[in-house]
Amino acid sequence: MEKHTPISIRLYWWTTLHTAAVKAHELRNKNKAELVKILDEQKQQLANIRVQKVAGGRSQEIGEARKNVARVLTVINQTQREQLRLFYQKKRFTPLDLRVKKTRAMRRALTPFEKSKKTVREQKKLAHFPLRKYAVKA
């Protein structure tokens, strides 16, 4: 049997009982395959913690494990939407879920081009009756 020093016991206890929080900024540098692999690992870890909880322990770590899974899924979804936005950037139409949300009224408002359009009657009126200019004495 190995002889454990207090530090090695502490390290062993920490590694066996604690799940390290996954950092989102570290995940953003990885590609899709790596992210899916990490997601599978995190889900497996969550399943193990759930089994251990039933057996009578480690109930506090379920929250952290669930958050880790959520972080990985969030990064996957964000990168996927980013790629789709780049793909549809030069296209004429973009899917509804990629469009800017704003408000309903703002989405239905006239575009600057539509606002600047004038009817035939208005064009004639402006041509025949231009605005008068007045000089004011100082």
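1. Lys102 is exposed, with a relative accessible area of 52%. The cut-off for exposed is over 50%, so Lys102 falls in that class. The residue sits in the loop between α4 and α5. Its backbone deserves a look too: Lys102 is not a glycine, yet it has a positive phi of about 50°. Please keep in mind that this is a predicted model.

2. The protein has 138 residues, and buried residues make up 13% of them. Among contacts with a separation of 6 or more, 58% come from residues 24 or more positions apart.

3. Two packed helices are described by the angle between their axes and the distance between the axes. Here the axes of α3 (residues 32-55) and α4 come within 9 Å and cross at roughly 160°. That makes α3 roughly antiparallel to α4, because angles over 145 degrees are placed in that class. The crossing of the two helices is left-handed.

4. Which residues meet between α3 and α4? On the α3 side they include Leu35, Val36, Ile38, Leu39, Gln42, Leu46 and Ile49. On the α4 side they include Ile62, Ala65, Asn68, Val69, Val72, Leu73 and Ile76.

5. Leaving out residues up to four places away in sequence, Gln42 touches Val22, Asn68, Val69 and Val72.

6. How many salt bridges does the structure hold? It holds two. Side chains of opposite charge can pair when their charged atoms come close. One of the salt bridges joins the side chains of Glu64 and Arg71, at 3.8 Å from N to O. Glu64 is partly exposed, with a relative accessible area of 26%. Arg71 is also partly exposed, at 27% relative accessibility.

7. The side chains of Asp97 and Arg81 meet in a salt bridge as well, with an N to O distance of 3.9 Å. Asp97 lies in the loop between α4 (61-88) and α5 (104-108), while Arg81 is in helix α4, so the pair ties together parts that are 16 residues apart in sequence. Arg81 counts as partly exposed, at 31% relative accessibility.

8. A last point concerns Ser116, in helix α6 (residues 112-116). What does the side chain of Ser116 reach? It reaches the backbone oxygen of Phe113, at 2.8 Å. Ser116 is partly exposed, with a relative accessible area of 45%. This value lies between the cut-offs of 20% and 50%, so Ser116 is neither buried nor exposed.

Key. Residues numbered from 1 in each chain as written. Predicted model: local features only at pLDDT ≥ 70, side-chain atom pairs only at ≥ 80, totals over all residues. Heavy atoms only, no water. Helix = DSSP H or I, 4+ residues; strand = E, 2+ residues; numbered from the N terminus. Buried < 20%, exposed > 50% of the residue type's maximum accessible area, 1.4 Å probe, protein only. Polar contact = N/O pair within 3.5 Å; in protein donor to acceptor, adjacent residues only side chain to side chain. Salt bridge = Lys/Arg side-chain N within 4 Å of Asp/Glu carboxyl O. Axes fitted to C-alpha atoms, helices over the stretch in contact; angles between N-to-C directions. Parallel < 35°, antiparallel > 145°, perpendicular 65-115°, else oblique. Left-handed = near helix turned anticlockwise from the far one by under 90°. Contact = heavy atoms within 4.5 Å.
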